[in-house]
Amino acid sequence: MFEARLTQASMFKKILEAIKDLVENANFDCSPAGISLQAMDNAHVTLINLLLRQDGFETYSCDRSLSLGLSLPSLSKVLKCANNDDSMTIKARDEADTVTFVFESSKQERISDFEIKLLDIGNEQYGIRDSEYSAVIKMPSAELQRICRDLSILGDVVTISADKAGVKFSTSGDSGSGNITVRPTTDSSIAAEDSTTIDSKEPVTLNFALKFLSFFTKATPLSPTVTMKMSDGVPIVVEYSIEDLGYLSFFLAPKLE
Amino acid sequence: MFEARLTQASMFKKILEAIKDLVENANFDCSPAGISLQAMDNAHVTLINLLLRQDGFETYSCDRSLSLGLSLPSLSKVLKCANNDDSMTIKARDEADTVTFVFESSKQERISDFEIKLLDIGNEQYGIRDSEYSAVIKMPSAELQRICRDLSILGDVVTISADKAGVKFSTSGDSGSGNITVRPTTDSSIAAEDSTTIDSKEPVTLNFALKFLSFFTKATPLSPTVTMKMSDGVPIVVEYSIEDLGYLSFFLAPKLE
Amino acid sequence: MFEARLTQASMFKKILEAIKDLVENANFDCSPAGISLQAMDNAHVTLINLLLRQDGFETYSCDRSLSLGLSLPSLSKVLKCANNDDSMTIKARDEADTVTFVFESSKQERISDFEIKLLDIGNEQYGIRDSEYSAVIKMPSAELQRICRDLSILGDVVTISADKAGVKFSTSGDSGSGNITVRPTTDSSIAAEDSTTIDSKEPVTLNFALKFLSFFTKATPLSPTVTMKMSDGVPIVVEYSIEDLGYLSFFLAPKLE
């Protein structure tokens, strides 16, 4: 028997909104430690890595590990039926072929339960190494979202160059070419959430498909800041921490010039 | 000569928005008692019943009864030209083939008049009996609108079950199945507008096409609450009262299982 | 070398939004006096006349006159990359084949620069006479926008009649016909921005294509008021002043009945 209760269904809605356009079916791997999801997008270009730690749930009970294979579009439809301030409980019996989501309003005047059929999805594990990166950039997540949206209007590929002085996003297309440079925050009166910090070991320049970076920024509502980790020749990591609960990170291989 | 003036054109705009997608042409029957409209939707599945009492108008003058046959899409276009805080005057001469709508801004710095051709629409009268119902549910109109919208994502048919303990809306579809249960409000500190009450004589369970119920909820801006009346084998009544003026109600026959 | 800096990039964005759907390519003529643009719409029905005086810029330097031929859709894409409170600097070298737009956030934590290729556009000059008009109407720009939007729902052609007593906008179509009359403001407690004044030498009645008048009202964000100048047989002038900077005006020939 698996049962986990989140105080805010809205947090889970935001996670689904961030990944549902990249992956169609995915396993939510439930273990005593928490819920994790690893999946590649349909085009096998990006890797999604989600972790929700058990101690971030209001209640969490998992006798033994189980994989909940779900259609993300179906799950997203069910989650649309949760009010933002509803609580959410996930329930699954061992060996069951369905999972139940229960949404309760704060005063319990409205209770909803939804049942979704489980899918049998092959379980691939992806080895994710936490290596040391040439540049680790923390910046407001809304700023990254805006930059991706703006540059997508002009071009398809973004070149990200980072060094101690700043991080530069460049693109070009038929209408023109452009660069947006974000500098590390020096004004200490600015809140951490609104600040940009760059931890640069050596300058790095990489090219990425703007389309996928833009997809990642759908996770912006999850966190006020985003962390990007870059090294030559390895995928960029774009990570959104989920307060008190875990994180959602995306990996995207650089384009060769 | 018929002439009636409403302080708020916005009220009439809301009524049109609620019915214009269900019915194309309809007679506004004007009598000394007020304005009424009875019409079936284009598919002949639902019945609309509107009453605006003469004493809810700012001024109202009707020498003898007349039927104003109007194209609701045309009327809706004209009403879009009224500001929400404009007053609205309807004018029709006896035997005339047009009706005039006059909108005046509160300071009279802008006056608009629009003329619409009258249509000759066969006048059917529908016998509406006010019977006693197994269940009469009063709930916040926005809540019913939300439930219809949410469940429409999952299925086409909603099963509504009501008893003293609550009213349950259920649906199922390819993505999954779900139930939303609303309980009667017990907390007396909650305003009447935000409360749910259930007057249940005996338990009742009926199925309805979600599409039509959803259409009815376009009347939500008319009233903070909605009343649903249900009995086995007879159409559900979904009624929105219009403050100081009358009501707009919809009838929908249950689907047989 | 040409270089001009505006404190608010948003002002230039609003200008582009107002004209980019009417004209595809246009010359920004830069001279020591300022920047001007004259262009006819693609259908050669309307004339756009823009003037931005040099003293409205934060800094302005223009050694010798040059014409910057730009694709307005491309320029509009680049301007979408400016935040509303960014400053904007336009830079062009003499004989260069590109122009550079630099956007800087107020705290300079983000600097963007975009380069657009210049186009070689034939330079037509249009003789614009400032004649005396039968009627000069100043009214809230949002009011004119609303009237054009409302009447467009009903018809294709608007008849504008102005005299001392008011200005009447009339149209008719399949759904019905209508008139909206705006009277001069008599209440002196109303702010100038919200007032309507009519300077009428003689009554005038002209017909215009609503489609083009509606296009002009895309300039509404530029100014709280709009001025219309009308005389028999000559194009109407619809003018939006741009505070401290200049104006954007449109000319549209009347339709013959």
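Reader: Which hand does the crossing of helix 1 of chain A with helix 2 of chain A have, and why is it called that?

Author: In this predicted model, helix 1 of chain A passes helix 2 of chain A in a left-handed crossing. The term applies because the near helix is turned anticlockwise from the far one by less than a right angle.

Reader: At what angle do the axes of helix 1 and helix 2 of chain A cross?

Author: They cross at roughly 145 degrees and come within 10 Å. The angle is taken between N-to-C directions, so values run from 0 to 180 degrees.

Reader: What makes the contact between these two helices of chain A?

Author: Helix 1 of chain A contributes A:Phe12, A:Lys13, A:Leu16, A:Glu17 and A:Ile19, while helix 2 of chain A contributes A:Leu72, A:Leu75, A:Ser76 and A:Leu79. They count as being in contact because heavy atoms lie within 4.5 Å.

Reader: How do the residues of that contact divide into nonpolar, polar and charged?

Author: Six are nonpolar, one is polar and two are charged. Lys and Glu count as charged, so A:Lys13 and A:Glu17 are charged residues of this contact.

Reader: How do you know that strand 11 of chain A pairs with strand 12 of chain A?

Author: Five bridges join them; pairing needs at least two, so the two strands pair. They run antiparallel, and A:Thr159 stands opposite A:Ser170 in strand 12 of chain A.

Notes
Residues numbered from 1 in each chain as written. Chains lettered and ligands numbered in written order. Predicted model: local features only at pLDDT ≥ 70, side-chain atom pairs only at ≥ 80, totals over all residues. Heavy atoms only, no water. Helix = DSSP H or I, 4+ residues; strand = E, 2+ residues; numbered from the N terminus.
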